[in-house]
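Student: I have a model to go through. Can we take the labels one at a time and check what stands behind each?

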Amino acid sequence: MNARVLDGEIITSRLDDVRAYDGVRTRRVLACMIDYLVIGLLTIPFAILVFVFGLLTLGLGWMLFSVLVPAVAVLYIWNTLGSVDQATTGMKLMGIRLDRLDGSRIDGLTAVVHSVLFWAGNVILTPLVLLMTLFSDRKRTLHDLLLGTVVSRTDH
């Protein structure tokens, strides 16, 4: 058994430690802003490629502009949040990561579904998705509850 005792409380895993969730809400918001900036910067070279492709196809390729930002965002999430680190660039800078409650690794598909549910929640509920973190255990949002995931600090 890999348990340790902290202040009289038996902690069996990193996710059971209350300190792993201190400041997660603020770090999560800042990480989201950083990730939006990174996605915006990554969109620029892809936009240039779509522009050139549109010239080569006499304008037909320019229809790809309608799906460019979501496609770049999905590829970014798949390759960062679905990686071994289980964190996007913004999440790494803020010292947080996405974990499954059952202890298994986050794969690319789960990472994309997590982000799509986040974006859909923001469209429907605006920024009110963060209110759920005030009332849920481990500061989890609705899409975290649906997928059985939690965002925790990496330094605990």
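Tutor: Start with the contacts. Among contacts in the chain with a separation of 6 or more, 60% join residues 24 or more positions apart. Keep in mind that this is a predicted model.

Student: What makes two residues a contact here?

Tutor: Their heavy atoms lie within 4.5 Å.

Student: Which elements does the chain have, and in what order?

Tutor: There are six helices and four strands. From the N terminus the order is β-β-α-α-α-β-α-α-α-β. The C-alpha atoms fill a box of roughly 70 × 30 × 25 Å along the principal axes.

Student: How much of the chain is buried?

Tutor: Buried residues are 34% of the 156 residues. The accessible surface of the chain is about 9200 Å², and 72% of that belongs to carbon and sulfur atoms.

Student: Now the aromatic rings. How many aromatic pairs are counted?

Tutor: One aromatic pair. Its rings belong to Phe 51 and Trp 62.

Student: Why is the pair of Phe 51 and Trp 62 called stacked?

Tutor: Two values decide it. A pair of aromatic rings is described by the distance of the centres and the angle of the planes. The centres of Phe 51 and Trp 62 are 5.9 Å apart, and the cut-off for a pair is 6.5 Å, so the rings pair. Their planes stand at 15°, under the 30 degrees limit, so the pair is stacked.

Student: Where do the two partners, Phe 51 and Trp 62, sit in the chain?

Tutor: Phe 51 is in helix 1, and Trp 62 is in the loop between helix 1 and helix 2. They are eleven residues apart, and the pair links distant parts of the chain.

Student: Next, Gln 86. What makes the phi of Gln 86 worth a remark?

Tutor: The phi of Gln 86 is positive, about 55°, although Gln 86 is not a glycine. Gln 86 is in the loop between helix 2 and helix 3.

Student: Why is Gln 86 called buried?

Tutor: Its relative accessible area is 3%, and buried means under 20%, so the label holds.

Student: Which value does phi take at Lys 139?

Tutor: Phi of Lys 139 is near 55°, positive in a residue other than glycine. Lys 139 is in the loop between helix 5 and helix 6.

Student: Then Arg 140. Buried or exposed, and on what value?

Tutor: Arg 140 has 7% relative accessibility, under 20%, so Arg 140 counts as buried. Arg 140 lies in the loop between helix 5 and helix 6. Beyond four places in sequence, its contacts include Leu 101, Met 132 and Val 150.

Student: How far is Arg 140 from Val 24?

Tutor: In sequence, 116 residues; in space, 9.6 Å, C-alpha to C-alpha.

Student: Last, the pocket. What volume does the largest pocket have, and which residues lie nearest its centre?

Tutor: The volume is about 480 Å³. Of 24 lining residues, Arg 28, Ala 31, Cys 32, Asp 35 and Phe 118 lie nearest the centre. Helix 1 and helix 4 are the elements that give two or more residues to this lining. Helix 1 gives the most, with eight residues.

Student: What is the make-up of the lining of the largest pocket by class?

Tutor: The lining has 16 nonpolar, six polar and two charged residues.

Note on methods. Residues numbered from 1 in each chain as written. Predicted model: local features only at pLDDT ≥ 70, side-chain atom pairs only at ≥ 80, totals over all residues. Heavy atoms only, no water. 1 Å grid on protein atoms, 1.4 Å probe; cavity = no way out; pocket = protein on both sides within 12 Å on 5 of 7 lines; lining within 4 Å. Points joined across faces, edges and corners; volume = space filled by probe spheres on them. Nonpolar A, V, L, I, M, F, W, Y, C, P; charged D, E, K, R; others polar. Phe/Tyr/Trp six-rings, centres within 6.5 Å; stacked < 30°, edge-to-face > 60°. Buried < 20%, exposed > 50% of the residue type's maximum accessible area, 1.4 Å probe, protein only. Areas by Shrake-Rupley, 256 points an atom, 1.4 Å probe, with all protein chains shown as cover.
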